[in-house]
Amino acid sequence: MVLVNPQSGRGQAMSLYTGPVLSMLTEANISHTLITTEHQNHARELVRNADLSQWSAIVILSGDGLLFEVINGLMEREDWDEAIRTPLGILPGGSGNALAASVHHYTQAGPALGEDLLLSCCFLLCKGLVCPLDIVSVCLSSGPRLFSFLSLAWGFVADVDIESEKFRNVGAMRFLVGTLLRLASLRTYQGRLAFLPAREDSKSSSISSSPASHPRSLFCPSVQCISHMQRQNSNQHECTSENTRHNSNGDDFLLSKNESKDGRLPDNRLSPIGDPVPTDWTIEKEQDFVLVLATCHSHLAEELMVSPDAQPDDGHLHLLYITAGISRPALLRLFLAMEKGTHLTCECPHLIYRRVRALRLEPITKPGVITVDGEQVEYGPIQAQVHKGCARIICG
Ligand SMILES: Nc1ncnc2c1ncn2[C@@H]1O[C@H](COP(=O)(O)OP(=O)(O)OP(=O)(O)O)[C@@H](O)[C@H]1O
């Protein structure tokens with residue numbers, strides 16, 4: 001199933017499909033059905049009700065917003081634990097294309113932008129190699145739980161994301177325009193942050209090591225091929241679920257809804273919002289932030305490599321926050337360094353980077369903007385937990 005949002009990015013997704021995408025899929029002999037989304041939440045409703053046994057994969061040709069809908073639609077199903085293992089593919093058609101840029105980064109040396117990125121992702125799609133993908137459950141103080149695959153942002157990044165929506169017609173440049181405008185009216189945000197450190201991070205508070213040093217071959221221990229994208233039965237699901245069980249160390253998520261008390265994916269690392277965080281969490285002092293950003297992937301946009309060491313199923317949120325007191329030039333330097341992912345090696349006392357398994361953010365400054373995967377959500381306390389490798393992404 002190939003889902004195309006004709007409105008995404010600069011409105012060119014349909015011509016990308018009829019051009020390079022269709023010719024590559026045809027050449028690779030991959031039969032598929034094209035579905036053009038007609039309105040917001042169309043994709044969500046579609047996958048919520050679809051007979052998933054008909055499809056070997058769901059491919060998104062759009063921005064990250066459409067994949068957010070698909071993942072949430074899958075998780076809203078009765079059979080969420082099976083549904084979320086449906087292989088997902090991403091082809092860049094939006095203005096940010098964070099997951100597509102990350103998928104390319106995990107598999108290829110050197111950056112790719114625009115049509116090069118599209119061709120790279122389409123090539124990976126034709127190869128059809130499936131890897132585990134982390135999903136993050138996000139709890140707000142009211143409303144239903146959300147599922148995220150990409151990012152949680154508060155402060156500068158969230159403001160730029162939402163404020164730059166009006167510059168959508170300039171494509172990826174909208175983030176640059178938004179960043180410059182927000183820099184001119186730089187503000188800080190008071191709040192409280194707490195997190196559960198990743199195991200290897202629990203005693204360190206330092207910046208990550210060199211971005212280039214990460215061994216790429218480690219990220220995908222359970223790769224398997226969906227030959228010609230024609231999986232006809234659920235054997236593959238069962239096979240991957242066994243692999244995932246071993247990879248998770250048994251404590252980051254439960255494998256099936258039968259193993260959960262209420263039939264839902266349990267957030268075993270979180271205490272209810274309003275209660276104190278669990279005792280093994282780190283609690284930062286209440287302070288002023290310029291931004292708080294937690295990402296699952298290397299890229300936040302095609303030219304914004306925020307967490308170079310991230311892997312699609314590392315079980316971590318890569319938490320990056322900048323505290324008040326940073327100058328405008330220093331902040332601009334950090335954003336410019338993010339083009340190559342070298343910001344983590346900059347000597348900046350206001351920049352803190354941690355790998356975490358769960359976090360809670362309690363904004364005090366009001367009003368403000370919080371985004372999940374680039375979508376604005378209710379402003380207020382928010383907490384999140386990573387569920388390691390419980391979805392599937394066509395990667396390489
Ligand atoms: N036909 C449509 N008309 C209007 N909105 C749509 C349509 N189809 C899907 N949508 C909505 O458009 C929203 C944005 O889509 P998406 O994120 O994929 O593109 P984008 O915002 O251009 O990309 P990016 O997230 O990279 O900026 C989604 O929330 C989706 O629900």
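**Ground rules.** I number residues from 1 along each chain, as its sequence is written. The model is predicted, so I take local features at pLDDT of at least 70 and side-chain atom pairs at pLDDT 80 or more, while totals for chains, interfaces and linings use all residues.

**Whole chain.** I looked up the secondary structure and found 10 helices and 18 strands. Helices (H or I, at least four residues) and strands (E, at least two) are DSSP runs, numbered from the N terminus. Of the 396 residues, 47% count as buried. Buried takes 20 or more other C-beta atoms within 10 Å of a residue's own, exposed 12 or fewer, and partly exposed falls in between, with C-beta atoms placed from the backbone. I then looked at contacts between residues at least 6 apart in sequence, and 79% of them join residues at least 24 apart. A contact needs C-beta atoms, placed from the backbone, within 7 Å.

**Helix α5.** Is α5 buried or exposed? Nine of its 10 residues are buried, so α5 is largely enclosed by the rest of the structure. Among the buried ones I noted Leu99, Val103, His104 and Tyr106. The cover over them includes α3, β4 (88-92), α6, β12 (299-301) and β18 (382-395).

**α5 on α6.** Helix α5 (residues 98-107) packs on helix α6 (residues 114-127) at about 70°, axes 10 Å apart. Axes are lines fitted to C-alpha atoms, for helices over the stretch in contact, and angles run from 0 to 180 degrees between N-to-C directions. The angle makes α5 roughly perpendicular to α6. My cut-offs: under 35 degrees is roughly parallel, over 145 roughly antiparallel, 65 to 115 roughly perpendicular, and the rest oblique. The crossing of α5 and α6 is left-handed. Left-handed means the near helix is turned anticlockwise from the far one by less than a right angle, and right-handed means clockwise. Ala100, Ala101, Val103, His104 and Thr107 of α5 meet Leu117, Ser120, Cys121 and Leu124 of α6. By class I get six nonpolar, three polar and no charged residues. Nonpolar covers Ala, Val, Leu, Ile, Met, Phe, Trp, Tyr, Cys and Pro; charged covers Asp, Glu, Lys and Arg; the others, Gly among them, are polar.

**α7 on α8.** Helix α7 (residues 156-163) and helix α8 (residues 173-184) cross at roughly 125°, their axes coming within 9 Å. That makes α7 oblique to α8. This crossing is right-handed. Phe156, Asp159, Val160 and Glu163 of α7 touch α8 residues including Phe175 and Arg182. The contact of α7 with α8 holds four nonpolar, two polar and three charged residues.

**α2 on α3.** Helix α2 (residues 42-49) packs on α3 at about 30°, axes 8 Å apart. That makes α2 roughly parallel to α3. The crossing is right-handed.

**Ligand shell.** Which residues come nearest to the ligand? Of the 22 around it, Ser8, Gly63, Gly65, Gly94 and Gly96 do. Near means a C-beta atom, placed from the backbone, within 6 Å. Helix α3 (residues 64-75) gives the largest share, four residues. By class, the shell has two nonpolar, 17 polar and three charged residues.

**Gly11.** I found Gly11 in the loop between β1 (2-4) and α1 (13-27). Gly11 counts as partly exposed because it has 13 C-beta neighbours inside 10 Å. Gly171 is 160 residues from Gly11 in sequence but 9.5 Å away in space, C-alpha to C-alpha.

Notes: Contact = placed C-beta atoms within 7 Å.
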